Amino acid sequence: MSVVGESYLVGLVGEGVRPSLTPPLHEREADRHGLRYLYRPIDLLALDRSGDDLDLTLGRLLDAALALGFSALNVTHPCKQRVLAHLDEVSPSAAAIGSVNTVLLADGRRIGHNTDVTGFASALRDGLPDADLSAVAVVGAGGAGAAVACALLDAGAARLTIADLDHRRAGDLAASLAARFPEAEVAGVSADGLAARITDPRHPETGLVNASFVGMHTHPGIPLDPGLLRPAVWVADIVYRPIDTEFLRAARAAGCRTLDGGGMAVGQAADAFRLITGVHPDRERMRAHFVEMIREGR
Ligand code: NAD
């Protein structure tokens with residue numbers, strides 16, 4: 001919990017993290033609360049690792065962060081799964097998907113959380129509060145897809161389809177989530193299998209989420225055939241560079257209600273900020289700051 005006069009030192013560990021919007025989001029929000037808060041990107045690509053493998057580097061970074069009095073680390077690609085081996089405790093949802101994006105450091109201990117899960121949950125609650133969760137499909141079974149799928153099941157999704165080009169990856173994720181959510185029907189399919197499921201009139205999907213990288217500036221395109229979109233289906237994208245993806249534009253053109261990736265990006269940052277400081281951030285203010293940075297092209 002936050003203590004008057006306490007200061008916070010936080011780092012973001014990952015590859016290519018220097019342009020991340022998360023550090024400025026945390027720092028500006030902390031300023032508004034009068035907290036002394038420094039948040040530094042720690043770019044693995046810029047470290048001289050002398051051939052050390054990722055596990056050795058992560059272990060050393062966590063030891064150093066504890067020794068130097070860091071309050072917490074956020075971790076991102078390619079560390080979200082690998083960091084688990086270096087933690088003393090892991091929250092239930094992070095353990096369920098084997099992925100951690102926030103490590104709290106206190107009293108010599110490292111405690112892992114996943115605020116991508118709670119971040120997507122709050123984005124969906126705020127952006128599409130009456131979204132029908134009876135049959136939802138998630139495209140992409142990577143770390144982000146796992147977080148989104150877990151959030152949807154936590155929120156009560158009855159039937160969840162996880163699709164990935166790598167159908168084994170989709171199947172493995174579906175199997176581990178089915179074990180944690182036995183009341184739900186969870187299936188992993190290939191990308192082609194998803195098209196077949198969406199067009200099956202017995203099981204119409206009520207919501208679709210893109211949790212793959214397709215649609216990012218660096219991977220332009222659309223993750224599924226826009227001809228499959230129907231007005232009754234809500235559509236979410238978690239890609240946020242650009243914020244208005246080709247998938248979202250196609251969904252609006254088809255008459256679907258949509259949710260952009262900014263809500264999850266802000267939600268994960270807001271939830272990590274609260275875990276680190278114990279202070280409830282102003283999510284609207286963080287969202288406005290996020291939009292401002294995206295508009296500036298940062
Ligand atoms: P990842 O590379 O671990 O996983 C992506 C998965 O998508 C892979 O398994 C890949 O096979 C699959 N895929 C790619 N194209 C596909 C297609 N056409 N059909 C089906 N599956 C396909 O990546 P990740 O870490 O899970 O991140 C995915 C995306 O989510 C990135 O764009 C990232 O920026 C975004 N993201 C956003 C937020 C947010 O807060 N909004 C948070 C985390 C990640």
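Helices and strands here are DSSP runs, with helices of at least four residues and strands of at least two, numbered from the N terminus. Every view below is drawn from a predicted model.

View 1. Let us start with the ligand, which sits in the largest pocket. Two elements, α5 (143-154) and α9 (262-277), each give two or more residues to the shell around the ligand. In total, 21 residues surround the ligand, and the closest are A144, D164, R169, M216 and I238. By type, the shell around the ligand holds 13 nonpolar residues, five polar ones and three charged ones.

View 2. Which residue brings a polar side-chain atom to 2.7 Å from an oxygen atom of the ligand? That residue is R169. Backbone atoms take part as well: a backbone N or O atom of A144 lies 2.8 Å from an oxygen atom of the ligand, and a polar backbone atom of G143 is 3.2 Å from an oxygen atom of the ligand. Taken alone, the ligand exposes 870 Å², and the protein buries 81% of that area.

**View 3. The aromatic pair of Y8 and Y37.** The structure contains three aromatic pairs, one of them formed by Y8 and Y37. The ring centres of Y8 and Y37 are 5.7 Å apart. Why is this pair called tilted? The planes of the two rings meet at 35°, and a pair counts as stacked under 30 degrees and as edge-to-face over 60, so this one falls into the tilted class. The pair also links distant parts of the chain, with Y8 in strand β1 (residues 7-14) and Y37 in strand β2 (residues 36-43), 29 residues apart.

**View 4. The cis peptide bond between H77 and P78.** Take a look at the bond that joins H77 and P78: this peptide bond is cis, with an omega of about 5°. P78 belongs to the loop between β3 (72-75) and β4 (89-90).

**View 5. The cis peptide bond from R241 to P242.** Here the peptide bond is cis, and omega is near 10°. You will find P242 in the loop between β11 (234-237) and α8 (246-253).

**View 6. The backbone at D107.** Although D107 is not a glycine, its phi is positive, at about 50°. Where does D107 lie? Follow the chain to the loop between β5 (102-106) and β6 (109-113), where D107 is located.

Key:
Residues numbered from 1 in each chain as written. Predicted model: local features only at pLDDT ≥ 70, side-chain atom pairs only at ≥ 80, totals over all residues. Heavy atoms only, no water. Near = heavy atom within 4 Å. Polar contact = N/O pair within 3.5 Å; in protein donor to acceptor, adjacent residues only side chain to side chain. Areas by Shrake-Rupley, 256 points an atom, 1.4 Å probe, with all protein chains shown as cover. 1 Å grid on protein atoms, 1.4 Å probe; cavity = no way out; pocket = protein on both sides within 12 Å on 5 of 7 lines; lining within 4 Å. Sits in = over half its atoms within 2 Å of the grid points. Nonpolar A, V, L, I, M, F, W, Y, C, P; charged D, E, K, R; others polar. Phe/Tyr/Trp six-rings, centres within 6.5 Å; stacked < 30°, edge-to-face > 60°.
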